Amino acid sequence: MADYKMLINGELVDAKETFDVVNPATGKTFAKSPHCDASDVDAAVAAAKAAFPAWRDTPIEERKACLKKAIDLIGANKDALAELLCKEQGKPKATGAKGEVNATIAAMTRVLNVDAAPLVHMDRPEAKVEVCRKPLGVVAGIGPWNFPLLCLFQKLAPAVVLGNTFVGKPSPFTPLSTLVMTALIKDCFPKGVINMIVSDDSKFRSGAQLTSHPDIRKVSFTGSVPTGQAIMKACSPDSKRVTLEMGGNDAAIVCKDVDVKKAAAGVFGGAFANTGQICVAVKRAYVHSSIYDEFVKELVANAEAAKFGDGLEAETMYGPLNNKMQFDKVSEFVEDARKSGAKIETGGKAMDRDGYFYEPTIISGVKEGVRIVDEEQFGPALPVIAYDDVEDALERTNNTKFGLGGSVWSSDIEAANKLAARVESGTVWVNEHLGDTDGAPFGGFKHSGIGRENGCADLGTWTEMQSLKTAKQP
């Protein structure tokens, strides 16, 4: 097995213990990850704290040059990163894994255009007021297992370019590609500017120590609502800044005037990409009753044509669920729907093979009050709900504690655009779902999150605002 190491103060370091990393396509251990302890967390934070003053004072163009070197190294190692990501996460190498590596590079590259120059608010003969952006200090990024590289490194890149120093923690389900990428770029930055630790959270919750550490000034987290809420509580005693991107229960509203075959393929893609393990994927579809049966039939056809398998196999379109915990959750949600009287149109059970494979599942005859409609399933199972009036569909779409994403599907573009603007979610699409938004700010309404990341939001996310009045006269 390869030897994977953490990064602390510019050095690749072992931990006193290791833990197993499972390939979800086989359900078997294929590698060992370092398992940090409290002293490793403290060392990483101390290294970042020591590096901060010099890094803060480094001109931003020099900081960007460091990031550019890192981006080039990642680009030169894309294939190896994608293969490792495929093995630990399960997504197909040729599409999902390579796509994530490329998306990570694109997200980091956009940061090279960030402009943190002061804005002149007032300029008079006697004085000038500028609005300046100041780095926060030591910041922490905690990543998820569904997009481990993209979600963590799109935190790291703007954080360090804007003058902060960084301590990252990947999910214990998918730590390896993050550790390898960090090792690749470690020499692009001065010692201590970037640090990466990881733990088996069932034994030691390094994330909890990070979020409560007195020298951490900001925590950015991507993951579940309960964990995000726990982080918010941990950060409150010393007023740490937080950005929380949490779960979604994203709805697609399908109007009666759609091209059914085309729209069904689009909704299916928006629901089942990454085997449904996307926070902003379609989690429930509201379909007008006049086309309901036909639409369900088309969804079933898409599901039955989908090729699930090991992500290293070239023909694989969809991989397994990432871990046993998520596999069990999806199974429970589908069984709950079945017991409630819903019809399982296709799928509805585990695949007869090793690993955490679950059949692509389409569920009809279901409505609110059932877990798979009210909660986030995060897997390859889609409930399809009939409606008669679009205002009712909108009300039901918005009647949730979540608000991450959504979509509207219609041939009447003007009406669809107006309806989309009324969806209470952080990102809304028209006649697509999960489409490229070119790095627009991302985050959620309600329980789905606090704050935004990416694009023009990065300045506010990773800096403090200072109003500086300077004198022109004695």
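Buried residues are those with under 20% relative accessible area, as against over 50% for exposed ones and values in between for partly exposed ones, computed with a 1.4 Å probe on protein chains only. The model is predicted, with local features needing pLDDT of at least 70 and side-chain atom pairs counting only at pLDDT 80 or more, while totals for chains, interfaces and linings use all residues. Residues are numbered from 1 along each chain as its sequence is written, and side-chain values use heavy atoms, with hydrogens and water left out.

View 1. Helices are DSSP runs of H or I with at least four residues, numbered from the N terminus. Ala-337 has 0% relative accessibility and therefore counts as buried. Not counting residues up to four places away in sequence, Ala-337 touches Ala-342, Ile-363, Val-370 and Ile-372, where contact means heavy atoms within 4.5 Å. Arg-371 lies 34 residues from Ala-337 in sequence, and their C-alpha atoms are 7.2 Å apart in space.

**View 2. Helix H5 (residues 148-161) and the residue Gly-163 that follows.** The 14 residues of H5 should span 20 Å at 1.5 Å a residue, and the end C-alpha atoms are 20 Å apart, which agrees; the expected span is 1.5 Å times one less than the number of residues. Because 14 of the 14 residues of H5 are buried, this helix is largely enclosed by the rest of the structure. Gly-163, which follows H5, has a positive phi, near 100°.

**View 3. Packing of H5 with helix H6 (residues 176-185).** The axes of H5 and H6 come within 10 Å and cross at roughly 45°, axes being lines fitted to C-alpha atoms, for helices over the stretch in contact, with angles running from 0 to 180 degrees between N-to-C directions. That angle makes H5 oblique to H6, since angles under 35 degrees count as roughly parallel, over 145 as roughly antiparallel, 65 to 115 as roughly perpendicular and the rest as oblique. The contact is made by Pro-148, Leu-149, Leu-152 and Phe-153 of H5 with Ser-177, Thr-178, Met-181, Thr-182 and Ile-185 of H6.

**View 4. Packing of helix H2 (residues 60-76) with helix H4 (residues 93-110).** H2 and H4 pack at an angle of about 165°, with their axes 10 Å apart, which makes H2 roughly antiparallel to H4. On the H2 side the contact is made by Leu-67, Ile-71, Ile-74 and Gly-75, and on the H4 side by Val-101, Ile-105, Met-108 and Thr-109.

Technical notes:
Helix = DSSP H or I, 4+ residues; strand = E, 2+ residues; numbered from the N terminus.
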